[in-house]
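Please open the model in your viewer and keep the selection panel at hand.

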Amino acid sequence: VTVTLSVSYENPVFIAGDPTLNGGDPAAVRIRNVGGNSFEIRLQEPNNLDGSHTAETVSWMVVEAGSYELADGTRLQAGTTNSSRLSPQGFDTVNFSDPFSGTPTLLSQVQSFNEADWVVTRTDAITGSSFGLTMQEEQARNDGTHLSETIGWLAIEPGEADDGDTLIDAGTSAVLIDHNPATISFNQSFSSSPALLAKLSSFYGGDPSNLRLSGISASGFTALVDEEQSFDREVLHVAEQGSWLALTGPSGTLEGVAV
């Protein structure tokens, strides 16, 4: 699906939240043909499946790469990196150009389509100065190689925020999200269901996986860790942390001052 943006970007960072759980087969989000004012987005099932998937809801966000401060003082940073590393090869270390005083909420997304194999990002060791980043193909292929992809990332100070138009809730869960649905509550007082971007943000379990979302409302959402079954049939996953960014506002835009 081609998405046309209302403004143009010079160095856009594209972040898509993990999809809902309308269809039971594993699915992740892929982005390609990133331009200054448009991009293409689709769902992707692992290679061992037929590729046909029911419609899901996916929220997305585009940020000009850089460091910003919102009207209420909340700090936000976004950027891209290129990597061909899969999780058996370890993690790349990505350093923040403008470190945070505490641990930020972090989201990441492959935003190129240089190789068609199913792939997701995983992050770990998130601190105020850096984080670890890697990719995962389906388990039957994850010991192989993957072409270098452009990966976008977004870090924001956790908590409630407001740029004067858009209400924001950012956070990271305790270690409680596994293959069983877990309920996450927002701190922000939304009046309606927000756009929700949520991702795994730990690496306690190494099997390839991503989040699937349901029950998104003004008060919170439900998430589970969804493993694929290309190597074996089990989908049990140890508890992980998940990070989220929820936003709602009449303009659909977020404004900050570059710092």
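Which strands each supply at least two residues of the lining of the largest pocket? They are β5 (60-64), β6 (66-70), β16 (195-200) and β19 (242-248). Strands, like helices, are DSSP runs numbered from the N terminus; a helix is H or I with at least four residues, and a strand is E with at least two.

Two remarks on the model are needed at this point. Residues are numbered from 1 along each chain as its sequence is written, and side-chain values use heavy atoms, with hydrogens and water left out. This is a predicted model, in which local features need pLDDT of at least 70 and side-chain atom pairs count only at pLDDT 80 or more, while totals for chains, interfaces and linings use all residues.

**First selection: the largest pocket**

Select Y9, V62, G252, T253 and L254, which are the closest to the centre of the largest pocket among the 25 residues that line it. The space in this pocket is about 670 Å³. On a 1 Å grid over the protein atoms alone, a pocket is an open set of points with protein on both sides within 12 Å along at least five of seven lines, whereas a cavity is a set where a 1.4 Å probe fits but cannot get out; lining residues have an atom within 4 Å of a point. Grid points are joined across faces, edges and corners, and a volume is the space filled by probe spheres set on the points. Strand β5 gives the largest share of the pocket lining, 5 residues.

Next, select D18, V120, T121, K199 and N210. Of the 15 residues lining the largest cavity, these are the closest to its centre. About 130 Å³ of space lies in this cavity. Strands β3 (28-32), β9, β10, β16 and β17 (209-214) each supply at least two of its lining residues.

T121 leads onward, for its bridge partner in β11 is M135. Strand β10 and strand β11 (residues 130-136) run antiparallel and are joined by 5 bridges; two strands pair if DSSP finds at least two bridges between them. On β11, N95 stands opposite S130, and β8 pairs with β11 in the antiparallel sense over 4 bridges. Together they form an open sheet in the order β8-β11-β10. Its edge strands are β8 (92-95) and β10 (120-124), each pairing on one side only.

Now colour β11 alone. Because 7 of its 7 residues are buried, β11 is largely enclosed by the rest of the structure; buried means under 20% relative accessible area, exposed over 50%, and partly exposed in between, with a 1.4 Å probe and protein chains only. In a regular strand the side chains alternate between the two faces of the sheet. S130, G132, T134 and Q136 point one way from β11, and F131, L133 and M135 point the other way.

Select the strands in the order β9-β12-β7-β6-β20, which form an open sheet with antiparallel pairing. At the edges, β9 (105-110) and β20 (256-258) each have a single partner strand, so one side of each is left without a neighbour in the sheet. Strand β9 pairs with strand β12 (residues 149-156) over 6 bridges, and L106 stands opposite A155 in β12.

Finish on R75 in strand β7 (residues 75-83). Is R75 buried or exposed? R75 counts as buried because its relative accessibility is 16%. Among the residues that R75 touches are D98, A155 and E157, contact meaning heavy atoms within 4.5 Å.

Key
Lists of a residue's contacts leave out its neighbours within four places in sequence.
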